[in-house]
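What does this two-part report cover? It takes up the contact between the chains and then some local features of the backbone and side chains.

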Amino acid sequence: MTLFNYSASELQEMIHNKELSIADLTAEAYTRIEALDEDVKAFLALNKEQAMAQAKEMDEVPASERGPLFGMPIGVKDNIVTEGLETTCSSKILQGFNPIYDATVVRKLREAGMITIGKLNMDEFAMGSSTENSAYKITRNPWDLDRVPGGSSGGSAASVAAGEVPFSLGSDTGGSIRQPASFCGVVGMKPTYGRVSRFGLVAFASSLDQIGPITRNVKDNALLLEAISGVDENDTTSANVDVPSFVESLTGDVKGLRIGVPKEYLGDGVGEAAKQSVLDALKVLESLGATWEEVSLPHSKYGLATYYLLASSEASSNLARFDGIRYGFRAENVESLMDLYKETRAQGFGDEVKRRIMLGTFALSAGSYDAYYKKAQQVRTLIKQDFDQVFENYDVIIGPTTPTPAFKVGEKNDDPLTMYANDILTIPVNLAGVPGISVPCGFSEGMPLGLQIIGKHFDEATIYRVAHAYEQATSFHKETPQLWEGAKS
Amino acid sequence: MANISKEEVKHVAHLARLAITDEEAEMFAGQLAAITNFAEQLNELDTTNVVPTTHVLPLVNVLREDKAVPGLDREKMMKNVREQEAGQVKVPSILD
């Protein structure tokens, strides 16, 4: 049993009744990390001294000045910059890098009174689906330490699933929040592109990246998204749209809701257990008054190729800034400036990052641009139109988050294309820019499965309403991995 | 099937400012060929007259007021610079 069995509102009530202090809550996170992280390996850097000092100060703040997330501990993915706290993107090229400002989301966490516990492991520069591409350590799935937690936000999902922290932030470019949330049995939301400021998120693919929350239940997730959303003058791609109260949308009422279920999401390549768990979930939603019909997103199968061309192209440009000059790792014993660039990048980047920089540089180079890059941008339009058409007649789209549950560490390392196939059900959502969530919807061979609920642009409220109604009618989110109880807490 | 030669890989590596060994060039040649062959499936689609999507939001020319605002502190900005001299970033010589 840990304090992190409780939701934010339950914890707030305990704090209000003086059964618990914010300092106790912060200490609980570090106690859990000390007991569990040797196995789970979710955290890269800890912010212990500052966090404990901050907690003590916050215990003095009057109740009237506290919001729903005040004093809540949170872990932050290591591609989100935190002033004075090492930020590496799990890459050797940023080893020892201490940011000189906070990302907008980190500022917003502070304004909400949340306490940053530490930085979370990931695939290097968010390129990967297993967190095996970290230059520092391989995060393990708390449900089975021989399996991957998914990626690239593997540390963010694993830390919440292990009960080390009740909240974390991840980022999602092609599924990097939803896929690990699914693998680890937690709730992960990729908001609409533009909903959350990307200022201070180290850029991978700028037209696809979004920051989003990972939690153990839907309500906490809605609270956190509300706190980090909004237009930001430091991010010209953040959208100037109203941020509704997502928590108010959690009415439990889905009567008359129209669900589209793409036949492509229950077709070849998707495992039986994933399919069955989705059909079971649809029955639950039907019993609550929703209706569903089969629909088609005919260009889904082209999503993977489109994504790898576009994301790699954008990455090859974004990662040009890592040159060893102004920050991070710098190669030694080189003669010329050109060699300094080349050696720094060759020694500083891992293989997957190099592979994508090479692919992107190739796709953008003279003679390839029209055939690969422009072609992929055109197919992106077709994929986006698929979603637009379905959303003319349906409120949400539902399918599995991933074709299979978490695989074993080392199982898919040999062939990049096999690893990429993990993301076939999440990638189209990024290409269309729409929001999507993964919520726990069952187990297969003891490993969690995720239900993906996709909504219209800027309609996270409906997604949360459906996810919450489903969650309240089921108990999968209450399950915890065996090591949860094993902690000496 | 598109083939990518070791020489092409080395050219791309130069454009990307990555030092690359012969063995790596060989490995990337195979992997890039596999990935680009996989991407050839996009040619099944007729995209004549399809407008490319660079961005999903209907945003154009987001500008702020043309007014000077303070930037980051210079000393802070030098904090992560590995080699520096007299407040300048030091790099290897760029002229022979």
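The model is predicted.

**The interface**

The size of an interface is often given as the accessible area lost when the parts come together. Chain A and chain B bury about 5200 Å² between them. Carbon and sulfur atoms give 69% of that area. On the side of chain A, the residues that lose the most area to chain B are Ile100(A), Arg330(A) and Met358(A). Together they make up 14% of what that side buries. The contact draws 66 residues from chain A and 52 residues from chain B.

Polar links cross the interface too. Between chain A and chain B, 21 residue pairs are in polar contact, both partners at pLDDT 80 or more. The rule finds 4 salt bridges across this interface. Glu83(A) forms a salt bridge with Lys76(B), and their closest N and O atoms are 2.9 Å apart.

Which elements of chain A give two or more residues to the side that touches chain B? They are α9 (303-318), α10 (337-348), α11 (351-364), α12 (369-391), α13 (416-420) and α14 (427-432). The largest share, 11 residues, comes from α12(A).

**Backbone features**

| Site | Angle | Location |
|---|---|---|
| Gly151(A) to Ser152(A), cis peptide bond | omega near 10° | Ser152(A): loop between β3 (115-120) and α5 (154-161) of chain A |
| Arg17(B) | phi of about 55° | loop between α1 (6-15) and α2 (22-39) of chain B |
| Gly230(A) | phi of about 125° | just after α7(A) |

**Helix α7 of chain A**

Is helix α7(A) mostly covered or mostly open? The helix spans residues 218-228 and is mostly covered, with 8 of its 11 residues buried. Val218(A), Asp220(A), Asn221(A), Ala222(A), Leu223(A), Leu224(A), Leu225(A) and Ile228(A) are the buried ones. Asn217(A) caps the N-terminal end. A side-chain oxygen of Asn217(A) lies 3.2 Å from the backbone nitrogen of Lys219(A).

**Asp172 of chain A**

Asp172(A) sits in strand β4 (residues 167-172) of chain A. Why does Asp172(A) count as buried? Because its relative accessibility is 0%, and buried means under 20%. Its side chain makes a polar contact with the side chain of Arg178(A) at 2.9 Å. A polar atom of the Asp172(A) side chain also lies 3.1 Å from the backbone nitrogen of Ile177(A). Beyond four places in sequence, the residues in contact with Asp172(A) include Lys190(A), Leu208(A), Asp209(A), Gln210(A) and Asn430(A).

**A surface patch on chain B**

Val89(B), Val91(B), Ile94(B) and Leu95(B) make a nonpolar surface patch of about 370 Å². Val91(B) belongs to the segment after β2 (88-89) of chain B. Val91(B) has 34% relative accessibility, so it counts as partly exposed.

Terms used:
Residues numbered from 1 in each chain as written. Chains lettered and ligands numbered in written order. Predicted model: local features only at pLDDT ≥ 70, side-chain atom pairs only at ≥ 80, totals over all residues. Heavy atoms only, no water. Patch = residues over 30% accessible without salt bridge, like charges linked within 9 Å, V, L, I, M, F, W, Y side chains within 5 Å. Areas by Shrake-Rupley, 256 points an atom, 1.4 Å probe, with all protein chains shown as cover. Salt bridge = Lys/Arg side-chain N within 4 Å of Asp/Glu carboxyl O. Helix = DSSP H or I, 4+ residues; strand = E, 2+ residues; numbered from the N terminus. Buried < 20%, exposed > 50% of the residue type's maximum accessible area, 1.4 Å probe, protein only. Contact = heavy atoms within 4.5 Å. Buried area = accessible area lost by both parts, 1.4 Å probe. Polar contact = N/O pair within 3.5 Å; in protein donor to acceptor, adjacent residues only side chain to side chain.
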